[in-house]
Amino acid sequence: MLYDLGYFALLISFVLALYAAGAAVFGAQSGRAQFVESARNAALLVFPLLALAVLIVIYGLVTLDFTLAYVADVSSRSMSTFLRLTALWGGQAGSVLFWGWMMSGFAAAVLIRKWQRDRELMPYVIFVTMGTLAFFVGLSAFITNPFARVWHDPATGELITAVFQPTGMMAYVPLDGQGLNPLLRHFGMIGHPPTTYIGFTGFVIPYAFAIAALITGKAGEDEWIRTTRRWTLVAWLFLTIGLVLGGRWAYDVLGWGGYWGWDPVENAMLMPWLTGTAFLHSVMIQEKRGMLKMWNVVLIILTYSLSLFGTFITRTGVISSVHAFSKSAMGPAFLVFVAVTFLGSLLLMFKRLNTLKAEHELDSLLSRESAFVLQNLLFLGITFAVFWGTTFPMISELVTGTKITVGPPFFKKVTGPLFAALVLLMGIAPLFAWRKQAAAKLGKSLLVPFCGSIVITFAAAIPHWQPHPYPLALLGLWLVSFVALTTLMEFWRGARARMHSQGENFLAALSHLLSRNRRRYGGYIIHLGVVMMALGVVGDEFFKAETQGTIGVGQSLAVENYTLTFENVRQYSGSDGREIVEATANLYRDGEFITTLQPRRDYFIAQQQPVTVPAVYSTPGADVYVLLVGWEAIGWNASTFKIYVNPLINWVWAGGLTFIIGTLIAAWTSLDEKRTASYVLRPATASQIAYVGKP
Amino acid sequence: MPRRLLLFLLTLAASFFAAAGVYAQEGYPTDDDVNQVAKQLYCPVCPNTPLDVCETKACQDWRAQIKDQLSAGWTDEQVIQYFVAQYGERVLAEPRRSGFTSFVWLLPVLAVAIGLVIVVQVLRGWKARRVAPVIRADSAPPADIPPEVLKRLEEELRRVS
Amino acid sequence: MSVVTETDAASAGVRVRPSLWGDVGRWAAALLVLGLLALLGWGLVQAANGPRDSGMAPDFILTGFDGQMVTLSQLRGQVVIINFWASWCPPCREEAAYLEQTWRKYQNRGVVFIGVDWVDTEKEALAYIAEFDITYLNGPDLGTRIAQAYRIQGVPETFYVDKTGRLRGVHIGPLKPPELDNKIEELLNEPL
């Protein structure tokens, strides 16, 4: 009964979304405002309906109602209530529903907040968002339905999944569910998937505005870009959080001391983030100088397209990945939708591009404008390299028939230099003036950080560790210290200026800097976060050490200046259907005892899957990451351990946190409507007029 | 007598070499040596998992095989070639730089290079179009500010930026 | 392409278009997008394709662990059972005894069994063969070429080839008696 209600909520949402898309376009084209109003109401109604469907699924998950095929798939008696909640997005059907719900939420928010402001664009915004939503809700309703049940054919013993009872079959309720994949049974499950999905779905709003601006011919004006920028920031912020949480989770759980595997699904998340970052920067040029308007439209469309592409390859499994969902029938429908979106956007851009030829003027090649353009090139270059590496295995198989793997060595070697160049640019570009930067002045400003960084590099390169390759490691250290100094210098100069002009002390000056210029100094905090992450990456990439060995009780394994002494190992049963083998070992550094570590291997009996749980000793200087690789089943005398020493890795997480805090500070300004814009808006001509047709 | 001495010396020599052989095998190959090779390979079965971290039974068998091959005197390169011959090119973590696969390396470099050229051309074009410094409406200073104040303003601005 | 155009234009003194998309750019973009969509479509088809179960059985030469070689196309006139397995695969063990038993039953009646060892180590494979006392030909699938030709999705998978060399079906997962016997009888009873 309840589930039929959920199913009908899905169906009605689908119909409403389709209606809203159609009515909005019809109303705009024919000039009948009441259709557009009706479309808006239909669109607003989709959100609570989908919320109802989601709540019903959650109810089924938490109460362990195994009549639902989805619940039987991802939930089980051995899972805590917390995990059962997160199982909402643990499988294909639930996560598609969640995706649709998030998208409808964004659409509803825009339609409420922006209804009075961008009236000309609104019908087409509804068209795009509701059209997209209709597709995803359609997927939920017709292809991968969370309300499907399992039916049992008494004649053949076959089990099939369907929403309504097929003739001759009976309801089948398993005694217990499969439960989430053991790797997903982790605290990270509450954070990473939802924030990632919010990030992905959020990009549909700026995309819809871009398409609406193109259709109505308003892409050359500034109004829509201001709206777009803010919504992009929100989506981008969530995607950033999703990326950082994903990395942290992988580090905790996957057992190889790594946080980024360059897996196709991970790359799929990274690409829209890269172009989104390029957009957020490049839109500053448009605000300040009115340049690159068309390029910004392209960037936004590219970001959304990459987001769509990413979810396509994740859910259809065209590219093999450790993250892949189980196969479903949505492939062909999804491909058609992707084709329509890509080709439609492309055609629109071709049609409208020539209406956007702005008069671009550049005073000097050495200016902030050129720095921004160069930055765009670097971001796009990295995006292309990642995209190419991700799709190349498919191309290679198509052309030559042999399967190849494009793994981390490729991505690191190709994107590494580009990222390094980007970080360097990030450090010096804020010192570039708009229009024209005097080279001599630039040199003078950079002198102190440059010398300081050389000193720091050589001081840091002295310790006993042998990084490899040595020259690259030195270069990395220099880069990080140089950019850190230049970024900190921005704060110093700003504070000093305030101290001179306002007579404040240093701390007061700093805090006023942040509160008066949130966008700028929030941005610099983000850059600081990037530098911190770069430090962590350099440390982990070039200075990492590892060792593996089998040792008996009382014996030790050594790596760098750490020693691990094996004490004992034991086996016991966990509360949720797992068998645990846990070793106890003592960690020493330079002979001094630090702590006791207990790495373990959990074996989930039902799924026949082992999960390695590392024992980690964390300090800002390094992580000592210990894994239990093997043990003697009889005698428990010797065990095999693997020890990773990951220098500076915690700077990645600290940097990530700083990054997010910086974004929140910078975003605070954008959300403040009352703030005066840095450019003049066109006087509102369309706000009182009813919807006009296409110009 | 001399024959017995010779035999004794020979036995001594033989046992010395035997001991040397044992000594050579005792350290090598360590798990680290095996991982060094396994790091460059991917598990042929599991998707996108390097061979040194993969935990399945099959991967353990493969690492054991690498250990055997290394102790038989194979070089790292020989072990890797064996894996490629047995399991196909997808077992290599880093794509080859020959044949069709070379395109995976070539294109990003080409793309960035072409991008750079385009960017420079575009920037130059923008610069070329810069008209002579005409005072335009939005850059003209407001007429009602006295010139001394204006001058001080500009000075201050220059100092701060 | 677009590089040449813009450079020529710039050097000729013609005003370079501010927009990054020239006509060539548009064509390039359209072709790239279409190409990508075609690639994704092909990828979908590949992913959806199950193992090969009809048409002529792809030919191959397999060198057994004992050095013996067999070429599939030279086995016309006999029913051929091709079984993909691996020593690290638990379900393969479930059917190993049944396979050997069925082989012994039919080996003189014009049926050939070929075991293809998929991504395995020689040591473990030989131990597996010894454990189940397998007497039909087994060899490693070098470069996984045979597995790719037959598009296997995993192990164990068993392919049925009739006397004319055509594929007559595939069984995914371990075989249970009397499934294999029935299939062999069916194929044996067919005229050549």
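Q: Which order do the strands take in the three-stranded open sheet of chain A?
A: The order is 2-1-3, with antiparallel pairing. This is a predicted model, so that applies to everything below.

Q: Which strands are at the edges?
A: Strand 2 (159–162) and strand 3 (170–171) of chain A are the edge strands, each pairing on one side only.

Q: How many bridges join strand 1 to strand 3 in chain A?
A: Two bridges, between strand 1 (residues 149–152) and strand 3, and the two strands run antiparallel. Within that pairing, Trp151(A) stands opposite Ala171(A) of strand 3.

Q: What holds paired strands together in general?
A: Strands of a sheet pair through backbone hydrogen bonds, either parallel or antiparallel.

Q: Zooming out, how many helices and strands are in chain A?
A: Chain A has 19 helices and 13 strands. Its radius of gyration is 28 Å, close to the 26 Å that the globule rule gives for 695 residues, so chain A is as compact as a globular protein of that length.

Q: And what does the C-alpha trace span?
A: About 85 × 85 × 55 Å along the principal axes of chain A.

Q: What share of chain A is buried?
A: Of its 695 residues, 60% count as buried. The accessible surface of chain A is about 27500 Å², and 65% of that belongs to carbon and sulfur atoms.

Q: What about contacts along the chain A sequence: what percentage join residues at least 24 apart?
A: The figure is 70%, counted among chain A contacts between residues at least 6 apart in sequence.

Q: Let me pick a residue. Where is Ser639(A)?
A: Ser639(A) is part of strand 13 (residues 638–647) of chain A.

Q: Buried or exposed, Ser639(A)?
A: Buried: the relative accessible area of Ser639(A) is 1%, and the cut-off for buried is under 20%.

Q: Which residues does Ser639(A) contact, beyond its neighbours within four places in sequence?
A: The contacts of Ser639(A) are Gly549(A), Thr550(A), Ile551(A), Phe566(A), Val569(A), Leu628(A), Gly630(A) and Trp631(A).

Q: Switching to backbone geometry. What is the phi of Trp262(A)?
A: About 55 degrees, a positive value although Trp262(A) is not a glycine. Trp262(A) is in the loop between helix 9 (223–253) and helix 10 (264–289) of chain A. At 10% relative accessibility, Trp262(A) counts as buried.

Q: What is the phi of Val119(C), then?
A: Val119(C) has a positive phi of about 35 degrees and is not a glycine either. The loop between strand 4 and helix 4 (122–132) of chain C holds Val119(C). Val119(C) is buried, at 1% relative accessibility.

Q: Now peptide bonds. Which residue is joined to Pro156(C) by a cis bond?
A: Val155(C), with omega about 0 degrees. Pro156(C) is in the loop between helix 5 (145–150) and strand 6 (157–161) of chain C.

Q: And which residue is cis-bonded to Pro178(C)?
A: Pro177(C), where omega is about 0 degrees. Pro178(C) sits in the loop between strand 7 (167–172) and helix 6 (179–188) of chain C.

Q: While in chain C, how many helices and strands does it have?
A: Chain C has six helices and seven strands, and along the sequence the pattern reads α-α-β-β-β-α-β-α-β-α-β-β-α.

Q: What share of chain C is buried?
A: Buried residues are 51% of the 192 in chain C. The accessible surface of chain C is about 9200 Å², with 57% belonging to carbon and sulfur atoms.

Q: How many residues of strand 4 in chain C are buried?
A: Seven of the seven, in a strand that covers residues 111–117.

Q: Which residues are on which side of strand 4 in chain C?
A: Val111(C), Phe113(C), Gly115(C) and Asp117(C) are on one side, Val112(C), Ile114(C) and Val116(C) on the other, and all are buried. In a regular strand the side chains alternate between the two faces of the sheet.

Q: In what sense do strand 3 and strand 4 of chain C pair, parallel or antiparallel?
A: Parallel, over seven bridges, with strand 3 of chain C made of residues 79–85. The bridge partner of Ile82(C) in strand 4 of chain C is Ile114(C).

Note on methods:
Residues numbered from 1 in each chain as written. Chains lettered and ligands numbered in written order. Predicted model: local features only at pLDDT ≥ 70, side-chain atom pairs only at ≥ 80, totals over all residues. Heavy atoms only, no water. Helix = DSSP H or I, 4+ residues; strand = E, 2+ residues; numbered from the N terminus. Rg over C-alpha atoms; globule rule 2.2 N^0.38 Å. Buried < 20%, exposed > 50% of the residue type's maximum accessible area, 1.4 Å probe, protein only. Contact = heavy atoms within 4.5 Å. Areas by Shrake-Rupley, 256 points an atom, 1.4 Å probe, with all protein chains shown as cover. Pairing = 2+ DSSP bridges.
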